Amino acid sequence: MQATPGDRADIMPPTPTPTPAPTPPPTQTPAGGRARQAVFASAGSPYFSAVLALMAVVVILSNIGATKGVTFGPIITDGGFFLFPLAYILGDVVSEVYGFKAARRTIVITFLLAAFASFCFWVIIALPAADWYTGQAALEQTLGPVWQIVAASLCGFLVGQTLNSYVLVWMKDRFGEKGLVGRLMGSTGVGEFADTLIFCSIAASVIGISTVPDFVNYVLVGFVYKTAVEFLFVPVTTLVIRWFKRREPTYGAARA
C-alpha cells in the first residue's frame, strides 16, 4: 500500500535539538574581588635605557648645581632648582610605562652613578695641582661639598622617588589607564614633600643656611616650587607618557 504524505511525515526522524553553547566560567579575581588592571612595558628596550641615562645626567648635574646658594629677593633656593623637577618627570614616565620594579632599578643605578661621579670629583681635587694652575680653590669650593649633596640627594631622592613610584603604580593598579593626570599629581605631592624635607635637612648647612626661618623658607620654597613645576608640566608629561606607550610594542601586547 502506498504511503500518504501524512504517513511519510510520521516516519521521518525528528529534527535534533541544537545543543546550547557552554557558558564561560566567570572571570577569576584576586582575593580583594578586583581584577588587576595595570599593565606595563618590558624594561629591556632602548627607550628605557635612554630615560635611565637622561635621569642619571640630570641628577648628577643637579647635585653640582645644588652646591651654590641662590636667592631671588626673599626666595632662597639652590643652583640645581631648575633641573631636579625634570628627574621626577622622568621618574613618572618610568613608573607609568615600565612599572615599580623598573623605577626602583632606575633609582638604584642613578645613584650608583651619582656616587661614582662624586668619587671622581674627590680624586680630581686630591690630585696635585700644577704650579701654573690657579683654579684649585674654586674647584674645591664647587666640587668639594658634592659628596654631602649626593648623600642628601641619595636619601631624599631614594625615599621620595620610591614613594612617588609606589603611589603612582598603586593608583594605576586600582583605576587602570584612566585617571593619569590624577595619579601624576597625587604621587608628585607625596614624593616631593618627603624628598624636599630630607634633602634640605642634610644640604642646608652645605649651602650656608643656618637659621630656622631660612631653613623653613628653603623647605617650603623647594617643595612648592618643585610641585608647582611638575603640575605645570603635567600636560607635557602626559604627552611623553603616551608617546612611550604608543612606541613600546610590549606595552601594546600587555594591553591586548
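In the predicted model, α2 (46-65), β2 (75-78), α7 (180-203) and α8 (212-232) each contribute at least two residues to the lining of the largest cavity; helices (H or I, at least four residues) and strands (E, at least two) are DSSP runs numbered from the N terminus. Local features need pLDDT of at least 70 and side-chain atom pairs pLDDT 80 or more, while totals for chains, interfaces and linings use all residues. Residues are numbered from 1 along each chain as its sequence is written, and side-chain values use heavy atoms, without hydrogens and water.

The volume of the largest cavity is about 150 Å³. Among its 16 lining residues, Asp78, Phe81, Phe84, Phe199 and Lys226 are the closest to the centre. A cavity is a set of points on a 1 Å grid over the protein atoms alone where a 1.4 Å probe fits but cannot get out, and lining residues have an atom within 4 Å of a point. The lining comprises seven nonpolar, six polar and three charged residues (Ala, Val, Leu, Ile, Met, Phe, Trp, Tyr, Cys and Pro count as nonpolar, Asp, Glu, Lys and Arg as charged, and the others, Gly among them, as polar).

Helix α2 packs against helix α3 (residues 84-98) at an angle of about 155°, with the axes 9 Å apart; axes are lines fitted to C-alpha atoms over the stretch in contact, and angles run from 0 to 180 degrees between N-to-C directions. The two helices α2 and α3 are therefore roughly antiparallel (angles over 145 degrees). In α2, Tyr47, Phe48, Val51, Leu54, Met55, Val58, Val59 and Ser62 meet Phe84, Leu86, Ala87, Leu90, Gly91, Val94 and Tyr98 of α3, contact meaning heavy atoms within 4.5 Å. This contact of α2 with α3 has 13 nonpolar, two polar and no charged residues.

Helices α4 (residues 100-126) and α5 (residues 136-143) cross at roughly 160°, and their axes come within 10 Å. Accordingly, α4 and α5 are also roughly antiparallel to each other. Phe121, Ile124 and Ile125 of α4 form the contact with Gln136, Leu139, Glu140 and Leu143 of α5. By class, the residues of the contact of α4 with α5 are five nonpolar, one polar and one charged.

Terms used: On a 1 Å grid over the protein atoms alone, a cavity is a set of points where a 1.4 Å probe fits but cannot get out, and a pocket is an open set with protein on both sides within 12 Å along at least five of seven lines; lining residues have an atom within 4 Å of a point. Grid points are joined across faces, edges and corners, and a volume is the space filled by probe spheres set on the points. Angles under 35 degrees count as roughly parallel, over 145 as roughly antiparallel, 65 to 115 as roughly perpendicular and the rest as oblique.
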